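Hi everyone, thanks for coming.

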Amino acid sequence: MKAIIWSAFLFFSAIWTGGVALAIALIRAAVDFIRPVEGAAASGVVVQPPIPDWLAPWADLLGWREWIQWATALLESLLALLPALGQSLDWLVPLAWIIWAIGLIGLLVLTLVASRLTSKLSR
C-alpha cells in the first residue's frame with residue numbers, strides 16, 4: 001500500500017510541477033509579448049490595409065480611414081502603457097515558484113499522513 005501512496009505522490013508532484021512550469025512559460029511569453037520593440041511606433045505597426053476591389057463599392061471610405069486612425073491611436077496609447085505592465089509582471093515568476101513549493105509541501109504532508117495511517121492500520 002505504501003508503494004501505491006508514494007507512486008501517487010510522485011505522479012501528482014510531476015503533474016503539479018509540469019503545470020507550474022507551463023504557467024511560468026506562459027507568463028514569460030506574455031511578458032515578452034507585452035514589452036514592445038524599442039522605438040516601434042503604432043503607425044509603423046498598423047499599416048493601412050487596402051480595401052479589396054470587391055468591397056470598394058459598398059465600403060464607406062471615410063469611415064474606413066477613421067476606423068484605421070482610431071485603431072492606430074488606440075494601439076499607440078496601449079504601447080505607451082505596456083512597458084510598465086511588462087515590468088510589473090516580472091514578480092509573477094517567483095510567486096509561481098513559491099506557490100509550487102507550498103503545494104508540493106502540502107502534497108508531501110498528505111502523503112506522509114497517508115503512509116503513517118496505512119502502517120498503523122496494517123498492524
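Let me start with a question: is Phe12 buried, partly exposed or exposed? With a relative accessible area of 47%, Phe12 is partly exposed. On this scale, buried means under 20% relative accessible area, exposed means over 50%, and partly exposed is in between, using a 1.4 Å probe and protein chains only. The areas themselves come from the Shrake-Rupley method with that 1.4 Å probe, and for residues only the protein chains shown count as cover.

A word on what you are looking at. This is a predicted model, where local features need pLDDT of at least 70 and side-chain atom pairs count only at pLDDT 80 or more, while totals for chains, interfaces and linings use all residues. Residues are numbered from 1 along each chain as its sequence is written, and side-chain values use heavy atoms, with hydrogens and water left out.

Now the overall layout. The chain has four helices and zero strands, giving the pattern α-α-α-α along the sequence. Helices here are DSSP runs of H or I with at least four residues, strands are E runs of at least two, and both are numbered from the N terminus. Of the chain's 123 residues, 19% count as buried.

Next, the aromatic rings. In general, a pair of aromatic rings is described by the distance of the centres and the angle of the planes. Rings of Phe, Tyr and Trp (its six-membered ring) pair if their centres lie within 6.5 Å; planes under 30 degrees apart count as stacked, over 60 as edge-to-face and the rest as tilted. That rule gives three aromatic pairs. One of them joins Phe11 and Phe12, with ring centres 5.3 Å apart and planes at 70 degrees, so this pair is edge-to-face. Trp97 and Trp100 also make an edge-to-face pair, at 5.5 Å centre to centre and 85 degrees between the planes. These two Trp residues are three residues apart in helix 4, separated by about one helical turn. Trp97 is partly exposed at 36%, and Trp100 is partly exposed at 23%.

Ala23 and Ala96 are 73 residues apart in sequence, yet 7.9 Å apart in space, C-alpha to C-alpha. Ile99, in helix 4, is partly exposed at 43%. Ser122 belongs to the segment after helix 4 and is exposed, at 61%. Ser122 and Met1 are 121 residues apart in sequence and 9.4 Å apart in space, again C-alpha to C-alpha.

Finally, the surface. Patches are made of residues with over 30% relative accessible area and no salt bridge, joining like charges within 9 Å and nonpolar side chains (Val, Leu, Ile, Met, Phe, Trp, Tyr) within 5 Å. A salt bridge is a side-chain nitrogen of Lys or Arg within 4 Å of a carboxyl oxygen of Asp or Glu.

Which residues make the nonpolar surface patch of about 560 Å²? They are Trp67, Trp70, Leu74, Leu78 and Leu81. Leu81 is in helix 3, residues 61-88, and is exposed at 58%.

There is a positive patch on the surface too, where Lys2, Arg116, Lys120 and Arg123 gather. Lys and Arg count as positive and Asp and Glu as negative, with His and the chain ends not counted; each charge is placed at NZ of Lys, CZ of Arg, CG of Asp or CD of Glu. Arg123 is in the segment after helix 4 (92-121) and is exposed, at 83%.
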